[in-house]
Protein chains: 2
Amino acid sequence: MRVLQLAVVSLMVTSACLAQRGPTPFYEDTNNIPVSPEIHADHTVTFRLFAPKASEVILMGSPGILEVIKNPMPLKRDEKGIWSLTVGPLPPGFYTYGYAIDGGLRMPDPSNPNLEMRRWGPTSLFIVPGEEKAAVEERRVPHGTIHVEFYDSPNLNAERMVYVYTPPGYESGKQKYPVLYLLHGNGQIEASWTWTGRANVIMDNLLADGKIKPAIVVMPYGHVPREIKTASPAPATGAGDAAAIEKELLTSVKPMVESKYRALTDRNHRAIAGLSMGAAQSLSIGLHNLDQFAYVAAFSGGGNRAEWEKADSAVLNQKLKVLWLGCGTDDFAFNGVKGMDDLLTQKKVKHVFNPSGGGHSWPNWQTYLSKYAPLLFRD
Amino acid sequence: MRVLQLAVVSLMVTSACLAQRGPTPFYEDTNNIPVSPEIHADHTVTFRLFAPKASEVILMGSPGILEVIKNPMPLKRDEKGIWSLTVGPLPPGFYTYGYAIDGGLRMPDPSNPNLEMRRWGPTSLFIVPGEEKAAVEERRVPHGTIHVEFYDSPNLNAERMVYVYTPPGYESGKQKYPVLYLLHGNGQIEASWTWTGRANVIMDNLLADGKIKPAIVVMPYGHVPREIKTASPAPATGAGDAAAIEKELLTSVKPMVESKYRALTDRNHRAIAGLSMGAAQSLSIGLHNLDQFAYVAAFSGGGNRAEWEKADSAVLNQKLKVLWLGCGTDDFAFNGVKGMDDLLTQKKVKHVFNPSGGGHSWPNWQTYLSKYAPLLFRD
């Protein structure tokens, strides 16, 4: 797995080069940075931190690692001041973690440059490889392109960004493609579905295996406003933002995408999906705009129950080719999503409910995308 | 400045939404995270860190902040365990920094989600605004697109990435564009020139002001291999990689770009530039391939002196429309670059030497790009 392989890079300097590498600034003193995390052959994982004067170092999760270790766990100090802890073996997958030092200081792992960027700061991540190449693992198949688009939003009176994936071959052809709008969760950003979730890798692999129709994937920003907070409390998005995000998607993002990309623009070639907060956004936007979306999915999040109670089941069944719900049984959102499944069943609305193991974390969202994408744009 | 504005986001939750926000995991406990950095109206900057049991917290630089504070400086602890330090006033610009805790633990600022991603880990960054909109500041002008391309390199037997900027209007037209290859420094990555250096913003602004010809900018990866190291020592690139990077640029990156993008392919419409390690690469690649590049620039780095001593001045003067060197007088690379200037002067090779204030840091590289780009593709 590319981002996690260790490479031996020898330090070669020739005096003939006038200036290639300067004196090491204080911040770059890496003499005491231990290897961390070390993923062993048996899939145990060792975490390490050099913190000689700390009195306590605790391994913490974002949900990813906490689902495995269940509770924050202390590292133990050796005589050199390196703290360490080995956990697992861990199932193959995608894990996020960080440290708490002395009860107050929270930080990602300074040994690990692989980070999940979030709206309120980064968390460390690593991958435990599986025996088969995982859906999220890069393979030497044709690759699509990620486009970072900057656009001016009159609705929000702001510059916004949107990530757009085009499938391999897009540049050389003339055909038009269906479009999947893919929404992130609370605290995440436009880049989350690609840089952390690897949606582009998943789509490349599914396409190489003949499992999906080639499609454009549009990943907008799901918060209003865009600004990154530089301190607590972490920003949350509630119902107050939902209407603004819906308007932004339909009146700014969609027209920009449909004018700049070779996109099919009928409802049968337009899908939406989202994770967590994005699941709620996807369900609302889909329900409010049945004339525009034939495919709707919610990963690890439910919708506005009152709205769905009022909806006409016959109309939903006529309009929606696929209505898809997925949630992990360990996910705090499970009861809510199960309640949504029950409501739809009671209303006789055709839908797929995909309960799975695991919780509120990337391995599930990646799996759900892998299951939902093959159902899209089949006729 | 978008990334640095603070926004008041009220926490709105409606019980009608089945699952929008879960319980706060341990890692996300942001109760004690203070605002940091706080950029005051007078351009002093306050750094803060909650670390109640630490015995020492030191403000460190990458070169950016160290050029101002000169030496690592200690923060002072208050009764609540929050350490703080105010420095400056700082000149408008772009600063990177981090903390050292208790002599051993190095970390970016956990309050600040704005990071420079590097090959060996992240460092925190902030911007002190100027009175005028800086060259690097987003303005509401037409924006180009950043493309993230994944390609298979037969040379390196690996998957590689390259960032490609296309100017505004690229999608809707049919014209072909000149190409600038823009190389990063040691430890940096493909994303550095855009996500940290904001080359796309600089190009958008220069184009909006009528100062440059529209161009494609290609930002490849400058190390072999690609892998991110997860521990010390930080990887360095010396002359051993230079030949491989040159071959990769000419036989993998350039053909991919010229087949996938509407690129002009004659030497008069092809330029190269790089910073630090990339400066040395740019000078070598330019010198070795005068039939392919009419414009060569080196930002804060010199070239292989022996090679340039041997070069034929008449050929250089005939082939190179612009040969451009820039370096800060506080930069550790200054004497090397000045030596290159002296050599070229002695050899009567036409060139521009742009010494400036400042050191080995982004504000200079951004300024140099702003000065070099307007000279390109003028005939």
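This is a predicted model: local features need pLDDT of at least 70, side-chain atom pairs count only at pLDDT 80 or more; totals for chains, interfaces and linings use all residues.
Reader: Which residues of H8(A) are buried?
Author: Four names: A:Gly336, A:Val337, A:Met340 and A:Leu344. They cover an arc of only 95° around the axis, so they sit on the same side of H8(A).

Reader: And which are exposed on the other side of H8(A)?
Author: There, A:Asp342, A:Thr345 and A:Gln346 are exposed.

Reader: What covers the buried residues of H8(A)?
Author: The cover includes strand S17 of chain A, residues 322-328.

Reader: What follows H8(A)?
Author: A:Lys348 follows H8(A). The phi of A:Lys348 is positive, near 60°.

Reader: Switching to chain B. What is the strand order in the open sheet of four strands?
Author: The order is S1-S2-S6-S5, and the pairing is antiparallel.

Reader: Which strands stand at the edges?
Author: In chain B, strand S1 (38-39) and strand S5 (76-77) do. Each has a single partner strand, so one side of each is left without a neighbour in the sheet.

Reader: Over how many bridges do S1(B) and S2 of chain B pair?
Author: Two bridges, in the antiparallel sense. Strand S2 of chain B runs over residues 45-50.

Reader: Which residue in S2(B) is the bridge partner of B:Ile39?
Author: B:Val45 is the partner.

Note on methods
Residues are numbered from 1 along each chain as its sequence is written. Chains are lettered from A and ligands numbered from 1 in the order in which they are written. A residue is buried if 20 or more other C-beta atoms lie within 10 Å of its own, exposed if 12 or fewer, and partly exposed in between; C-beta atoms are placed from the backbone. The arc is that of the directions from the helix axis to the C-beta atoms. Two residues are in contact if their C-beta atoms, placed from the backbone, lie within 7 Å. Two strands pair if DSSP finds at least two bridges between them.
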